[in-house]
Amino acid sequence: MTSAEHPDVIVCPGGPLLLRGDHLVQDAEGQVHRTTRPVSAICRCGKSAAQPWCDGTHKSIPRQQRP
Amino acid sequence: MLTPKGRGSLSEIVFESMRRPSTSWSAVLRTLPDDDDDVQITLWALYELHYRGFEDVDDALEWQPQLIELRRSLEAGFEQELRDRAPAHGPDGDFADAFFTVVADHDGPSLARYVQRDANREQVLELLRLRSIYHLKESDPTAWLVPRLPNSTKAALMELQFDEYGCGDPSALHAELFARGMDACGLRPEYGAYVDDAPVEVLEENNAMSLFGLNRRLRGAALGHLAAFEVTSSVPSRRIAQGMARLSLPDAMIGYYTEHVEADAVHEQLSVRTICGSLLDQEPGLRDDMFFGAFTCLDLEDRFARRMLEAWAA
């Protein structure tokens, strides 16, 4: 259930977008991926090698260039 | 699992007394440890009584008063040692920002980089044997915390733990993924199989997690440790997976690490923001302990990495 304390989507400053629940996510190439875990992290920096998921790569890009 | 090999005067008499509880407990309590190795293996076994125990020890000894007294005395010394190693205070400012910055600025030796580029097969298998002491009970020390937290933090922690424990599917439980990887590598997948090989640095890493998890007053340190562990997992896990692929290790073992690339990219955000964040909203006084737990996680891994890299360079 959605509540103010438990949003469906959380934007992490400088990092990914967290997505709660079961979803289909279309990546930049148009391919569709199904989420597999209770919370998924979607890449926002564009540098992840595991698109559309975050793989922590945002931490290696300069702070001011992070999303 | 059977009781481990004793490593000195204290562990020898404690393990012998655990196997034959008719022994005089007062003699056990009068015995002094020979060195850190002796202290840490004793403490590890005393903590283990609260996890899965030993086949050659009566389960009732979990709450034997003299063993609890001994554990309290050893862990008080260990906690003081950990606090002496850590900075007294964490940085000010927004917690998540400060936390990610502290971890990013921590510059220690990296076993993951070595595995990625340089390690040979034997070295990686040795690392897996030593990592198995924790990975075969992965997330268990954190599970002690659940009933000790306010509801918002409890729910946030369970969101992460549910994933660690396979979302209800035992074959997807992280400890089970590691066990299958060990088996595929020709290593023993049984819980605790390699504890006799563990150097003091590995025992300290494991004992710190049990110390934090089993003492409610240290809940801040436990969650700070968890967060630092998660924040330093995703990128190193990818490096280890790449190193294992370079050495043609079995897919089951590589799969454990690739699972952690994506899982921990989620968990690092959850642990810092929703788990530590929600606890700090209610108990802001725990902030320094969170940084203490985080420092302990990073520092103990540095110590282990230095030991292994020195041994492998020789």
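**Stop one: a helix pair**

Select α3(B) and α4(B): they are oblique to each other, a word for angles that are not under 35 degrees (roughly parallel), over 145 (roughly antiparallel) or 65 to 115 (roughly perpendicular). Their axes come within 10 Å and cross at roughly 130°; the axes are lines fitted to C-alpha atoms over the stretch in contact, with angles running from 0 to 180 degrees between N-to-C directions. To find the pair, pick residues 36–48 of chain B for α3 and residues 65–85 of chain B for α4. Helices here are DSSP runs (H or I, at least four residues), numbered from the N terminus, and strands are E runs of at least two.

Before going on, a word on the model: it is predicted, so local features need pLDDT of at least 70 and side-chain atom pairs 80 or more, while totals for chains, interfaces and linings use all residues. Residues count from 1 along each chain as its sequence is written, and chains are lettered from A and ligands numbered from 1 in the order in which they are written.

Now show side chains. B:V39, B:T42, B:L43 and B:L46 in α3(B) meet B:L67, B:L70, B:R71, B:L74, B:E75 and B:F78 in α4(B), where contact puts C-beta atoms, placed from the backbone, within 7 Å. By class, that contact has seven nonpolar, one polar and two charged residues.

**Stop two: where the chains touch**

Bring up chain A as well. The contact takes 17 residues from chain B and 16 residues from chain A. On the chain B side, select 151–164 (α9), 234–246 (α13) and 251–282 (α14), each of which supplies at least two residues. The largest share, eight residues, comes from α14(B).

**Stop three: a loop**

Click B:P147, in the loop between α8 (140–143) and α9 of chain B. Is B:P147 buried or exposed? Exposed, because there are 8 other C-beta atoms within 10 Å; the cut-offs are 12 or fewer for exposed and 20 or more for buried, with partly exposed in between.

**Last stop: all of chain B**

Zoom out. Chain B has 15 helices and zero strands, and its C-alpha atoms fill a box of roughly 50 × 50 × 40 Å along the principal axes. Of its 314 residues, 46% count as buried.

How values were computed. Contact = placed C-beta atoms within 7 Å. Nonpolar A, V, L, I, M, F, W, Y, C, P; charged D, E, K, R; others polar.
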